Amino acid sequence: MDHDLLVALQTLTDPLRLRVIGRLAAGAASEADLARDLDIPVGKVRRMLDRLVEAGLVRAAGSNGRVELRVDALNDLGRRLALLLDGSGGSPTGPGIGPAGEPVAPEVAKVLRGFFAGDRLTTIPVNGPKRMIVLTYLRDRVFVEDRPYPEKEVNQRLALFHPDVAALRRYMVDSGLLKRDAALYRRPAPPPVDDRVSPTIRA
């Protein structure tokens, strides 16, 4: 794995840096904007931005101290990961490879290829089953942690993939992929294990 790719991946392992990226997906911001919107001290924001700039994921936006997300760099990172996971040097959109290069079922990959350009969702599917595949994929990419997500954070995370965050939120709630309680969202609890399963099956 080359050094630039390794630096980018290590940078994205930090949850706070991911929150900064999510906020910048909604638009350019200053250090003060990020500190206020994310409730993070300015000093910590500055250190995280230094890492993100070093990784090539964030750049200055003009001369007024604002920074912006490099969406092109995120898309390129997804393509490079796809090639790495594919192992054959072929297309990152080959069967069984998702938009970010992760392995998915071939039938899921086929649907995702029709609605993603790089790692960005180009269109929200109108077809119900296809929309469910796309929404489930996004839910599992965006909301990994089992915790409540404030609506502002939900918007920031979804904006990484598509600008119509209100529609994505509504579809996810209506389809049961997310539960909403006031302005908090979280993944639904997994179905309970059936204790009536026979011992031979459990073994």
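Which helices each supply at least two residues of the lining of the largest pocket? In this predicted model, where local features need pLDDT of at least 70 and side-chain atom pairs count only at pLDDT 80 or more, totals for chains, interfaces and linings use all residues. Residues are numbered from 1 along each chain as its sequence is written, and side-chain values use heavy atoms, with hydrogens and water left out.

The helices in question are H2 (15-25), H5 (71-86) and H7 (128-142), a helix being a DSSP run (H or I) of at least four residues and a strand a run (E) of at least two, numbered from the N terminus. H5 gives the most to this lining, with 6 residues. A pocket is an open set of points on a 1 Å grid over the protein atoms alone, where a 1.4 Å probe fits and protein lies on both sides within 12 Å along at least five of seven lines; lining residues have an atom within 4 Å of a point. The largest pocket has a volume of about 750 Å³, a volume being the space filled by probe spheres set on the points. Its lining comprises 29 residues, of which Leu-12, Leu-18, Arg-141, Leu-160 and Phe-161 lie nearest the centre. By class, 19 residues of the lining are nonpolar, 4 polar and 6 charged, where Ala, Val, Leu, Ile, Met, Phe, Trp, Tyr, Cys and Pro count as nonpolar, Asp, Glu, Lys and Arg as charged, and the others, Gly among them, as polar.

Contact, meaning heavy atoms within 4.5 Å, is made by Arg-19, Gly-22, Arg-23 and Ala-25 of H2 and by Glu-153, Gln-156 and Arg-157 of H8.
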